[in-house]
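Reader: Please take me through a protein model with a ligand, one feature at a time. I would like the general idea before each case.

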Amino acid sequence: RPRVLSGIQPTAGSFHLGNYLGAVRQWVALQESHDAFYCVVDLHAITVEQDPKTLRQNSRVSAAQLLALGIDPERSALFVQSHVPEHAQLGWVMQCLTGFGEAGRMTQFKDKSARQTADHVGVGLFTYPILQAADILLYQTQFVPVGEDQRQHLELTRDLAQRFNKRYGKTFRVPEAYIVKDTAKIYDLQDPAAKMSKSVPAGMVELLEDPKRSAKKIRSAVTDAGREVVFDVVEKPGVSNLLTIYSALTGRAVPELEADYAGRGYGDLKKDLGEVFTEFVTPVQARVAAYLDDPAELDKVLARGAERAREVASVTLARAYERIGFLAPA
Ligand code: TYM
């Protein structure tokens with residue numbers, strides 16, 4: 001069985017629709033046929049300041065969402081990154097292989113750091129993608145299911161794997177990004193030129209917010225000139241984004257939806273999509289609440305996941321250390 005690994009940040013607590021359609025949905029599908037490792041990346045979360053209590057709660061909320069969305073802990077190793085110390089350890093090794101300029105070219109870093117003054121940008125934000133490379137390489141991962149915004153980090157990961165292998169001998173599998181084109185980039189409902197993201201709450205649909213609020217956000221989504229419901233990313237980016245979401249949540253093809261809404265307006269589309277989303281998310285929210293009701297059981301699931309992850313990660317790290325020339329402990 002080919003190996004997959006992916007991660008998600010616990011920073012916001014609730015995932016948004018972009019996280020689900022761009023990534024987590026693929027995680028759920030892939031666990032059927034792949035050897036899957038999924039982690040809540042709390043080490044990555046502290047690259048920006050976190051309140052300790054909130055971080056701890058959000059890590060559980062993230063794990064609960066993954067379970068509620070269909071990650072099966074019997075099939076997949078579901079764990080929290082900080083429980084597997086090998087991530088930080090291999091992260092250091094990878095930092096020593098990365099060029100300063102190379103890290104500086106990461107567009108996510110450039111975007112995130114541009115919003116702050118130099119002293120507010122931690123070095124961890126700069127080395128963030130290098131830790132991500134370690135996450136992936138520790139598991140000899142073949143596929144990494146992510147959204148479009150992670151493509152550049154995946155390229156860096158591949159470069160680092162190849163660089164290490166060339167310098168020290170074949171140690172890491174060179175992974176591939178697994179990006180599903182249709183849902184690789186879900187757009188902001190208020191600004192269909194930007195991706196849906198945690199930094200812009202108004203245009204973001206959260207899985208854990210009141211679905212009435214989500215339906216309202218969908219109803220007030222920015223649409224386009226005209227009134228025909230047609231998929232056209234250039235002329236009608238707003239409507240196209242709604243059609244993408246609708247299609248992904250119902251499994252109905254876009255042309256079928258276009259036919260359905262022929263002669264009706266954007267208003268009908270938005271109203272119905274609000275209902276579709278509500279129907280999808282209501283049972284998910286109930287399951288999240290049930291998992292959070294029993295944090296001890298949730299922590300047990302995560303402990304088991306970490307144990308399985310360490311079995312693989314420790315072997316890879318030991319091999320890498322040996323290749324580098326670290327003296328083996330007697
Ligand atoms: P994060 O937590 O920002 O997002 C989690 C996943 O959601 C995807 N995503 C989107 N997909 C489509 N449309 C959107 N608008 C949208 N917004 C977010 C992201 O592409 C991601 O797949 N660096 C990663 C976390 C990470 C990781 C890893 C991923 C750490 N280590 C190892 C893969 C492998 C991140 O910040 O994701």
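Author: What follows is a set of questions and answers on the ligand site and on a few residues. The model is predicted, so local features need pLDDT of at least 70 and side-chain atom pairs count only at pLDDT 80 or more, while totals for chains, interfaces and linings use all residues. Residues are numbered from 1 along each chain as its sequence is written, and side-chain values use heavy atoms, with hydrogens and water left out.

Reader: How many residues surround the ligand, and which are the closest?

Author: A residue is near a molecule or strand if one of its heavy atoms lies within 4 Å of it. Here 28 residues surround the ligand, and the closest are Q9, Y128, D135, D149 and I186.

Reader: How do the residues of the shell divide into nonpolar, polar and charged?

Author: Ala, Val, Leu, Ile, Met, Phe, Trp, Tyr, Cys and Pro count as nonpolar, Asp, Glu, Lys and Arg as charged, and the others, Gly among them, as polar. The shell around the ligand has 11 nonpolar, 12 polar and five charged residues.

Reader: Which helices and strands each supply at least two residues of that shell?

Author: Helices (H or I, at least four residues) and strands (E, at least two) are DSSP runs, numbered from the N terminus. Strand 1 (3-8), helix 1 (17-30) and helix 7 (123-137) each supply at least two residues of the shell.

Reader: Which atom of D149 lies 2.4 Å from an oxygen atom of the ligand?

Author: For D149, a polar side-chain atom lies 2.4 Å from an oxygen atom of the ligand. Backbone N or O atoms take part as well: one of Q9 is 2.9 Å from a ligand oxygen atom, and one of M196 is 3.0 Å from a ligand nitrogen atom. The protein covers 97% of the 710 Å² of accessible area that the ligand has on its own. Such areas come from the Shrake-Rupley method with a 1.4 Å probe; for residues, only the protein chains shown count as cover.

Reader: Where is Q9, and is Q9 buried or exposed?

Author: Buried means under 20% relative accessible area, exposed over 50%, and partly exposed in between (1.4 Å probe, protein chains only). Q9 sits in the loop between strand 1 and helix 1, and counts as buried because its relative accessibility is 17%.

Reader: With which residues is Q9 in contact?

Author: Contact means heavy atoms within 4.5 Å. Leaving aside neighbours within four places in sequence, Q9 is in contact with F15, V41, H44, A45, S62, K112 and Y128. With Y128, a side-chain to side-chain polar contact of 3.0 Å is present. A45, in helix 2 (residues 42-45), is 36 residues from Q9 in sequence and 5.9 Å from Q9 in space, C-alpha to C-alpha. A45 is buried because its relative accessible area is 0%.

Reader: What does UniProt list for D135?

Author: UniProt positions are given in the numbering used here, feature names are shortened, and annotations may be inferred rather than shown by experiment. The unreviewed UniProt entry lists D135 under "binding site". In the model, D135 is in helix 7 and counts as buried, because its relative accessibility is 4%. The side chain of D135 makes a polar contact of 2.8 Å with the side chain of H87. Beyond four places in sequence, D135 is in contact with L5, V41, H44, Q81 and H87.

Reader: Where is Q81, and which residues does Q81 touch?

Author: Q81 is in the loop between strand 3 (77-80) and helix 4 (86-95). Not counting residues up to four places away in sequence, Q81 touches C39, V40, V41, D42, L43, H44, H87, L131 and D135. Q81 is buried because its relative accessible area is 0%.

Reader: Which residue has a positive phi although it is not a glycine?

Author: That residue is Q140, with a phi of about 50 degrees. Q140 lies in the loop between helix 7 and strand 4 (143-145).

Reader: Is A193 buried or exposed?

Author: A193 counts as exposed, because its relative accessibility is 65%. A193 lies in the loop between strand 5 (176-178) and helix 9 (211-219).

Notes:
Polar contact = N/O pair within 3.5 Å; in protein donor to acceptor, adjacent residues only side chain to side chain.
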